[in-house]
Amino acid sequence: MLQGARPVDTSERMCYIARMIALPTVKPAELQPVRARTILTPTGGFIEAFTHSLNPYMGCAFGAGGCGAYCYVAELPIARWEPRPWGTWLRAKRNAAEVLRRELQELPDRARVRVFMSSATDPYQPAERREGITRAVLEVFRELPIGLLVVQTRSPIVGRDLDLLSEMPFVWLSMTVETDDDHVRRALTPTCPSIERRLATMRRARASGVRVQAAVSPTMPHDPARFAGLIEAAADRVVVDTFCGDGAGGRRTARRSLPRRFAELGYGNWRDASSAAALHARLRAQMGADRVGWSRDGFNAVAITAQAEASVP
Ligand code: SF4
């Protein structure tokens, strides 16, 4: 026993040992500080109703042993030109806030700016705890408000910034939750944060006055009734998607490890959209059609609303 550790009873010790066995160990992604020349990237494609995307980091630590199993970004040039495997490297844009302030001050009409943060990384990397780059970016947005900011993450670290987010009425927190079943999460994306921690963060955000979107993207095996109940309790709206919602009709996912893992685990055909469609229908019946979206249109819905609001004289 370690010096200073308190004695534990047998069941507690067994739980601890089980947790240690269940948790894969992953080397932290190698971090390299970089200077960004620009930070707001004009966007289109899958998130066409947004005007810009913002990526405070390049690379993504969740890719190693986690959602890299299906990550479409790992199939984009940014990752394919990099010799190291997706998930093992991370570039931190430490001047992101400074560049953002300059760019926002130069924009003629900030009310018409709709930013998706982030499209090619998770803004709440484990390294964000000490880097604070995303937090500094949020502070700039609070000072220079825009029409819409969607903060897209799967990381409960966002809970650290609820004080800021709750002061920004133009923000949506969009949290990825692919299933209600943590066994499924551990089987397919073992190094990603637990489902319960994500749901708890969503509930906290909502209680703080932050608008919350659940991104069931992509939909993994789940218990439909239980999952729908958990989402309704944690989110103001929800977007449901499939593994084919990777911006290339499933071609990017097909090149990842997910199809093989799906087959090994006996989860059926990873391209089959029927369980996602059934969950979508159940949620619409439960929460109302206007609060439940599907794939690309679902992700763009909040931006379309913000665009319409900005056009009202
Ligand atoms: S968090 Fe997003 S960007 Fe990062 S590995 Fe997972 S799916 Fe890819």
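1. **S118 and its peptide bond.** In this predicted model, S118 belongs to the loop that connects β6 with α4 (128-131). The bond joining M117 to S118 is a cis peptide, and its omega is about 20°. Most peptide bonds are trans, and most residues other than glycine have a negative phi.

2. P218 is found in the loop between β9 (211-216) and α9 (224-234). S295 is not a glycine, yet its phi is positive, near 50°. This residue is part of helix α13 (residues 295-311). S295 counts as partly exposed because its C-beta neighbours inside 10 Å number 19, whereas a buried residue needs 20 or more.

3. **The chain as a whole.** The protein chain contains 13 helices and 11 strands. Along the principal axes, the C-alpha atoms fill a box of roughly 65 × 50 × 40 Å. Of the 313 residues, 44% are buried. When contacts between residues at least 6 apart in sequence are considered, 77% of them join residues at least 24 apart.

4. **The eight-stranded sheet.** Eight strands make up an open sheet with mixed pairing, in the order β2-β3-β6-β7-β8-β9-β10-β11. Its edge strands are β2 (40-42) and β11 (292-294), each of which pairs on one side only. From one strand to the next, the twist averages 25°. Strands of a sheet pair through backbone hydrogen bonds, in either a parallel or an antiparallel sense.

5. **Strand β6 and its partners.** Strand β6 comprises residues 114-117. Two bridges pair it in the parallel sense with strand β3 (residues 52-54), and H52 has V115 of β6 as its bridge partner. Strand β6 also runs parallel to β7, to which four bridges join it. Here V115 stands opposite L149 in β7.

6. **The two faces of β6.** In a regular strand, side chains alternate between the two faces of the sheet. In β6, R114 and F116 point one way, while V115 and M117 point the other way. Are these residues buried or exposed? All of them are buried.

7. Why does R114 count as buried? Within 10 Å there are 25 other C-beta atoms, and the threshold for burial is 20 or more. Beyond its neighbours within four places in sequence, R114 is in contact with A49, F50, T51, G147, L148, A303, A306 and Q307. R114 and M168 are 54 residues apart along the chain, and their C-alpha atoms are separated by 14 Å.

8. **From β7 to β8.** Strand β7 (residues 148-153) pairs with strand β8 (residues 171-176) in the parallel sense, over five bridges. V151 stands opposite L173 in β8.

9. **The three-stranded sheet.** Another open sheet has three strands in the order β1-β5-β4, and its pairing is mixed. Strands β1 and β4 (57-59) are at the edges with a single partner strand each, so one side of each has no neighbour in the sheet. The twist averages 20° from one strand to the next. Strand β1 (residues 30-34) runs parallel to strand β5 (residues 89-93), joined to it by five bridges. V34 has K93 of β5 as its bridge partner. Strands β4 and β5 instead run antiparallel, with three bridges between them, and Y57 is partnered by A92 in β5. How many of the five residues of β1 are buried? The count is zero, and the strand is hardly covered.

10. **The ligand shell.** Which residues surround the ligand? They are C60, F62, G63, C67, G68, C71, V73, T121, D122 and R154. By class, this shell holds five nonpolar, three polar and two charged residues.

How values were computed: Residues are numbered from 1 along each chain as its sequence is written. This is a predicted model: local features need pLDDT of at least 70, side-chain atom pairs count only at pLDDT 80 or more; totals for chains, interfaces and linings use all residues. A residue is buried if 20 or more other C-beta atoms lie within 10 Å of its own, exposed if 12 or fewer, and partly exposed in between; C-beta atoms are placed from the backbone. Two residues are in contact if their C-beta atoms, placed from the backbone, lie within 7 Å. Two strands pair if DSSP finds at least two bridges between them. Axes are lines fitted to C-alpha atoms, for helices over the stretch in contact, and angles run from 0 to 180 degrees between N-to-C directions. A residue is near a molecule or strand if its C-beta atom, placed from the backbone, lies within 6 Å of it. Ala, Val, Leu, Ile, Met, Phe, Trp, Tyr, Cys and Pro count as nonpolar, Asp, Glu, Lys and Arg as charged, and the others, Gly among them, as polar.
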